[in-house]
Amino acid sequence: MNILGIESSCDETACAVVRDGREILSNVIATQIPFHLDYKGVVPEIASRKHTEWILPVVKLALKEAGLTLKDIDGIAATNRPGLMGALLVGFTFGKTLAWLTGKPFIAVNHMLGHMYAPHLENDISYPYIGLLVSGGHSIISRVNSFEDFEVLGTTIDDAVGEAFDKVAKFYDFGYPGGVAIDRLAKNGNPDAADFPIPVIHKGQTPYDVSYSGLKTAVINQIDQFWNKDYPKTPENIAAAFQETAVKILVQKVIKACKETGLKTVVAGGGVAANSRLRSLLGEEKEINCIFPSLRLCTDNGAMIAGVAYHYLKRGETSPFSTTCSPRVQMFKHGLSVKKQGGQ
Ligand code: KG4
Ligand code: ZN
């Protein structure tokens, strides 16, 4: 079964063809980074306009690189949530229209299910496992029972981890995307240059909830308070010290989740899963088998969307043309399970 997957939720116009939920026949990603660079962040209006310009050539290229024509495609999938509304609408409406014109089944896919599925495109992974979904908009730790069944153990109570990377980078003018810039700078910095505080869990939160606004404030507004005077305050040292704390927050929670659920496999997905320090710290854990997608599949792509869609289509499930987009993650069918385990 060949599925064409379209992704346009943020600043990548992407389309891929995936066979049987596993074999990537093509994976075209047109990144808009140069157009948002001057603004040090994604400008939603620019994102929508670029998607509109690029969607047709990107889809055509994905078919060409796969060596297929539309006749060979068994289903058309597109991201419908979460993301920037104007950006989502471009790829989603394009996908729906293409499905309508060709009479092919149409499948709407939740972007977060896509990120969690990405490592499955490259590895044989059995369920259940601890899923670490870390992107610009989300930080979700869950017990993942199937491609669509997530028991959410913890989420961020304020900023997402990628958002913290982006805001720190923007404040210090490190570059965009913030996570990539910080990861690069940190390689030449010392993580001991500052001792930023690890947030404590309060009543009403689960032991797996995370928080990033305190760390962001400490790095941006209170850096002197936490700075170790033995080190110069260089961009490299700021990046390394911030990154170390940001990553440790996640690693601690994931280790706890493994211990308490007895699960020994951790699967990571989303843009922040590309972080080299997160990959090496989790990789060092002897008790845990940690699986990361390759860098190209960490950030937004159409292959992960086509991969998820295959599993719906295999069961005969398609989405009616009345399906719409939403900026929110929405936790229900075709989304994440609402169950939050272990609330205090
Ligand atoms: O998954 P993604 O491409 O888009 C969303 O669904 O949000 O993730 C983008 C996020 C951004 O916050 C970006 O700064 C972050 O992923 N990111 C990284 C790295 N590469 C991308 N964060 C830390 N280290 C990286 N190497
Ligand atoms: Zn994403």
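Okay, let's start with one glycine: Gly 179 comes out as partly exposed because its relative accessibility is 23%, and partly exposed here means between buried, under 20% relative accessible area, and exposed, over 50%, using a 1.4 Å probe and protein chains only. Before I go on, this is a predicted model, where local features need pLDDT of at least 70, side-chain atom pairs count only at pLDDT 80 or more, and totals for chains, interfaces and linings use all residues. Residues are numbered from 1 along each chain as its sequence is written, chains are lettered from A and ligands numbered from 1 in the order written, and side-chain values use heavy atoms, leaving out hydrogens and water.

Back to Gly 179, which sits in helix α6, residues 178-186; helices are DSSP runs of H or I, at least four residues, strands are runs of E, at least two, and both are numbered from the N terminus. Leaving aside residues up to four places away in sequence, Gly 179 touches Phe 165 and Asp 166, where contact means heavy atoms within 4.5 Å.

So what about Asp 166? Asp 166 belongs to helix α5, residues 161-172, and is partly exposed too, at 32% relative accessibility.

Five strands form an open sheet, ordered β3-β2-β1-β4-β5, with mixed pairing; strands pair if DSSP finds at least two bridges between them. At the edges are β3 (23-31) and β5 (106-110), each pairing on one side only. Strand β2, residues 12-19, runs antiparallel to β3 over 8 bridges, and Cys 15 has Val 28 in β3 as its bridge partner.

Last stop, cysteines. How many disulfides does a search of the whole structure find? The search finds 0, a disulfide being a pair of cysteine sulfur atoms within 2.5 Å. Take Cys 258: the closest cysteine sulfur is in Cys 290, 8.2 Å away, so that is too far for a bond. Cys 258 is buried, with a relative accessible area of 7%. For Cys 298, the closest cysteine sulfur is again in Cys 290, at 11 Å, also too far for a bond. Cys 298 is buried at 0% relative accessibility.
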